[in-house]
Amino acid sequence: MATADRLREAGGEGERAVTLGFVARATLVVILLWALANVVWLGRDVLFIAFFAVLVASFLSIFVDWLEAQGVPRWAGALVVLVALAVLGAAGCVLLWPTLREQAIQLQEQLPPALAEIGAWLEQQYAALTGQFGAPAESIEERVRGRVMAEAANLLTGALPLLNTVVGGIAGALIVFFAGLYLAIEPRDYFRGLISLVPRRGRARAQRALEAVGVTLRRWMLGTVIGMLVIGLLTTLGLWMMGIPAALALGVLAGLLEFIPYIGPILSAVPALVLALVISPTTAVWVLLLYIAIQQLESNLIMPLLMKGMVELPPALTVLVQVLMALLFGFLGLLLAVPLLAAGKVLVRALYIEPVADAT
């Protein structure tokens with residue numbers, strides 16, 4: 001009887017020990033995750049710079065890889081690509097910059113009065129319905145100009161203390177450029193370094209996952225850049241044929257914002273619609289139809305051809321991630337939302353979904 005009591009007491013102590021050990025391990029895991037989250041948040045500037053550098057390297061690698069396949073050393077291929085891009089950029093500045101600068105100034109001068117005119121008309125309609133008097137057009141224009149500047153500032157800033165300053169932004173851009181260049185010249189060294197951090201039994205799967213991420217980012221970058229050029233050209237031609245002021249500036253804006261799927265095209269259409277409304281409501285309708293037609297062409301023909309074989313991203317999830325990244329990190333977060341989501345989906349599929357499927 002005494003022996004049985006001692007066994008029960010020993011079993012109870014063992015259960016208590018196991019329970020306390022589990023609680024201690026769980027507490028330790030929570031503390032480590034909290035510490036890791038804080039480290040990631042404190043180093044978010046560096047992480048953003050690193051991912052921008054990876055995107056730059058992915059774009060440069062498209063051409064450097066092809067030159068390497070032709071027998072050109074990677075460092076020489078990277079130099080050739082940089083010279084070619086510099087020549088194209090200089091040619092674009094010489095040919096387009098004077099007109100683009102003039103139209104950008106014109107756009108900056110015309111948009112606030114156009115918005116004020118639309119706002120005054122809306123206030124007049126409201127006053128006619130309610131019997132109240134609206135504010136003068138001058139005060140409306142001032143309020144609109146101030147609101148536009150405030151919203152632009154809020155959009156461009158975010159929770160990135162280093163990159164939100166002028167000096168930090170310039171330094172970050174230089175770091176992104178040179179880091180991306182080094183990654184494009186010697187990607188294998190960094191790749192092997194990442195793989196060496198993974199336990200030996202998981203290195204083969206991690207290698208396949210990182211290779212898939214690299215392929216996805218290269219395809220996404222190439223397709224996005226070509227899509228930006230096509231959308232910018234089509235928008236410029238369409239607006240020019242309609243007689244919309246600053247057609248080139250609006251086309252360049254549409255091309256640049258094409259980097260941000262779904263949200264970017266909507267943002268690019270707003271200034272064109274405002275200027276068209278000042279001309280006439282009919283012109284605004286035609287401009288709206290132009291943007292819709294271009295986006296339909298882009299989503300149903302251009303992008304499916306350019307992004308063939310790339311991981312598909314659900315539209316609703318893409319928009320939600322874009323909004324979340326914009327709220328957390330501002331405009332830079334909005335820029336990186338889609339490539340981060342694409343890379344994350346590839347990693348989840350390669351490191352979680354496929355192992356689970358293989359196990360079952």
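Trainee: Which residues in α2 meet Leu217, Arg218, Met221, Leu222 and Val225 in α7?

Mentor: In this predicted model, the α2 side of the contact is formed by Phe51, Val54, Leu55, Ser58, Phe59, Ser61, Ile62 and Asp65.

Trainee: What makes α2 roughly perpendicular to α7?

Mentor: Helix α2, residues 44-69, packs against helix α7, residues 203-242, at an angle of about 80 degrees, and their axes are 9 Å apart. Angles of 65 to 115 degrees count as roughly perpendicular, and therefore α2 is described in that way relative to α7.

Trainee: Turning to the surface, which residues form a nonpolar patch?

Mentor: The patch consists of Ile170, Leu174, Phe177, Phe178, Tyr182 and Tyr190, which together have about 620 Å² of accessible area. Helix α5, residues 166-185, supplies the largest share of this nonpolar patch, with 5 residues, and Ile170 has its place in that helix.

Trainee: Why is Ile170 called exposed?

Mentor: The relative accessible area of Ile170 is 51%, and the term exposed applies to values over 50%, so Ile170 is classed as exposed.

Trainee: How do you know whether Gln108 is buried or exposed?

Mentor: Gln108, which lies in helix α3, residues 74-130, has a relative accessibility of 57%. Buried would require a value under 20%, whereas exposed requires one over 50%, and Gln108 therefore counts as exposed.

Trainee: How many residues separate Gln108 and Ala246 in sequence, and what is the C-alpha to C-alpha spacing in space?

Mentor: Gln108 and Ala246 are 138 residues apart along the sequence, while their C-alpha atoms are 10.0 Å apart in space.

Note on methods:
Residues numbered from 1 in each chain as written. Predicted model: local features only at pLDDT ≥ 70, side-chain atom pairs only at ≥ 80, totals over all residues. Heavy atoms only, no water. Patch = residues over 30% accessible without salt bridge, like charges linked within 9 Å, V, L, I, M, F, W, Y side chains within 5 Å. Areas by Shrake-Rupley, 256 points an atom, 1.4 Å probe, with all protein chains shown as cover. Salt bridge = Lys/Arg side-chain N within 4 Å of Asp/Glu carboxyl O. Helix = DSSP H or I, 4+ residues; strand = E, 2+ residues; numbered from the N terminus. Buried < 20%, exposed > 50% of the residue type's maximum accessible area, 1.4 Å probe, protein only. Axes fitted to C-alpha atoms, helices over the stretch in contact; angles between N-to-C directions. Parallel < 35°, antiparallel > 145°, perpendicular 65-115°, else oblique. Contact = heavy atoms within 4.5 Å.
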